[in-house]
Amino acid sequence: MAVTIEDLYRSYGVLADAKDDLSQHKDAYQVILDGVKGGPKEKRLAAQFIPKFFSSFPELADSAINAQLDLCEDEDIRRQAIKELPRFATGENILRVADILTQLLQTDDTAEFNQVTGSLIAIFKMDAKGTLGGLFSQILQGEDIVRERAIKFLSTKLKTLTEEVMTKEVEDYVFAETKKVLEDVTGEEFVLLMRVVSNLRVLQTVNGRQQLVELVVEQAFLEQALNTADPDLVDRLLQCTRQALPLFSKNVHSTRFITYFCEHVLPNLSALTSPVPELDIQLEVLKLLAEMSPYCGDMDKLEPNLSMLFTKLLEFMPLPPDEAENGENSAMEEPKLQFSYVECLLFGFHQLGKKLPDFLIEKVDAERLKDFKIRLQYFARGLQVYIRQLRVALQGKTGDALKTDENKMKVDLFHNPPSFKSSVTLSWKPVQKSEAAAPKRPSGEELGPGGSTKKQISPLPRRDARQIYNPPSGKYSATIGNFTNEQRGGFRGRGRGFRGNRSRGRPY
């Protein structure tokens, strides 16, 4: 016989009046559980009553959760049923509820998805580690759509939780489970998971950041030679390097990446296969190398790596065209000056050269050094032509806007012996502004009779104020590729197939 509205209210009254003797009224709770088999009104009441008395009947826990899951499949009241799921997240049930909610992330209904997300956050605050257990269980074993959304949930929501929820023990658990997931990920998943672990408070120390770099090194396959013809492997290296870049510092070194670039990438630079057709893969690689170079530590093969950088630099710095007997330029077309490429290589060479300042004197023969200076002088002349053209374009702007850091490096290398002392900023990187000095307290002479200052004098712009230099384009430079942060692909394809078609039927 089907349960009616009257039956449900009657059973509810029995349990509400029982107070401390609820366990004696198991039959009344069973009537409420049977309400899920009734019509829409009976189901709606059951969705409210089942969680209310759930904790008083542990022996009926499985039946109660299954009954609520039946309601989660009902189109009319599924949102209400999902909203009540956190009330079942007690004791050993937390893992199961978290697992169920994680699977429900696959919904395409925006309101329902937000409800699931809210319920997951609610049980996070009850038991963070248990909730993570359910999430990571689905990430490791669930369908691709569930895995994808669970990873996105972690990457966006974990950082919003307080320290009371995300304790050290919980963060250690996240790091350990993430390392398991990283054994088999796509490129997009790798980027998202690195965001997850990079935001963990427990990893904001030097040791923590070193652990993160080790994690990236494992993904980058730095122990293997690079197959330049495989765009997926090239993309893997680029993505891993981008993820490692923010982690490098004076205490967390980029040495292994720079060594790999010098030994395996630079010698095959022209053979690299771009993962994206419109991407200038050579420039992209050189920009990454340049950005890493200030954080290089002690290097075992410093001299050969510097030599490789020097050789590659010469390739992109042409000799001046031959002159005719009358002193005029011959009919030969002038070499194309690729400022962006040279900027990257010159910066990298300048940074590593600080570790071996005698390289150009003791390790390079006099003839080759002379050749380098001729090329450098010709390139500098081309740079001056570019600056003159830029001056016309910047008519009326301050002279500081015409300053470039390439001139500093050029002057350094023209020194005899060459110097590596200048501090420069790469053109595509934002300028780090120094903190303004504290305002000077006005003297008695500067104060008027009322104690206020007579006149505020605007400070003149500093002569050495560094301006952002934009990379050149047009006749003096090759096309500059876009610096992309999240290109998909390049990682191990996950061979896990679907475990069945989970549409709107119960996926639990």
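Mentor: Start with the chain as a whole, bearing in mind that the model is predicted. Among contacts between residues at least 6 apart in sequence, 74% join residues at least 24 apart. The chain has 20 helices and 0 strands, and 47% of its 508 residues count as buried.

Trainee: What describes two packed helices?

Mentor: The angle between their axes and the distance between the axes. Here, helix 2 (residues 26–34) packs on helix 3 (residues 40–52) at an angle of about 140°, and their axes are 8 Å apart. Helix 2 is therefore oblique to helix 3, since only angles over 145 degrees count as roughly antiparallel. The crossing of helix 2 with helix 3 is left-handed.

Trainee: Which residues in helix 2 and helix 3 meet?

Mentor: From helix 2, Tyr29, Ile32 and Leu33; from helix 3, Ala46, Phe49 and Ile50. This contact between helix 2 and helix 3 is made up of 6 nonpolar residues, with no polar and no charged ones.

Trainee: What does Tyr29 touch, leaving aside residues up to four places away in sequence?

Mentor: Tyr29 touches Phe49 and Ile50, and also Leu15, Phe53, Phe54, Phe57, Leu60 and Ala64.

Trainee: Which residues have the most contacts inside the largest nonpolar core?

Mentor: Tyr29, Ile50 and Leu132, in a core of 140 residues. Helix 17 (residues 339–353) gives the most to this core, with 9 residues.

Terms used
Residues are numbered from 1 along each chain as its sequence is written. This is a predicted model: local features need pLDDT of at least 70, side-chain atom pairs count only at pLDDT 80 or more; totals for chains, interfaces and linings use all residues. Side-chain values use heavy atoms; hydrogens and water are left out. Axes are lines fitted to C-alpha atoms, for helices over the stretch in contact, and angles run from 0 to 180 degrees between N-to-C directions. Helices (H or I, at least four residues) and strands (E, at least two) are DSSP runs, numbered from the N terminus. Angles under 35 degrees count as roughly parallel, over 145 as roughly antiparallel, 65 to 115 as roughly perpendicular and the rest as oblique. A crossing is left-handed if the near helix is turned anticlockwise from the far one by less than a right angle, and right-handed if clockwise. Contact means heavy atoms within 4.5 Å. Ala, Val, Leu, Ile, Met, Phe, Trp, Tyr, Cys and Pro count as nonpolar, Asp, Glu, Lys and Arg as charged, and the others, Gly among them, as polar. A nonpolar core is a set of buried Ala, Val, Leu, Ile, Met, Phe, Trp, Tyr and Cys residues joined through side-chain atoms within 4.5 Å. Buried means under 20% relative accessible area, exposed over 50%, partly exposed in between (1.4 Å probe, protein chains only).
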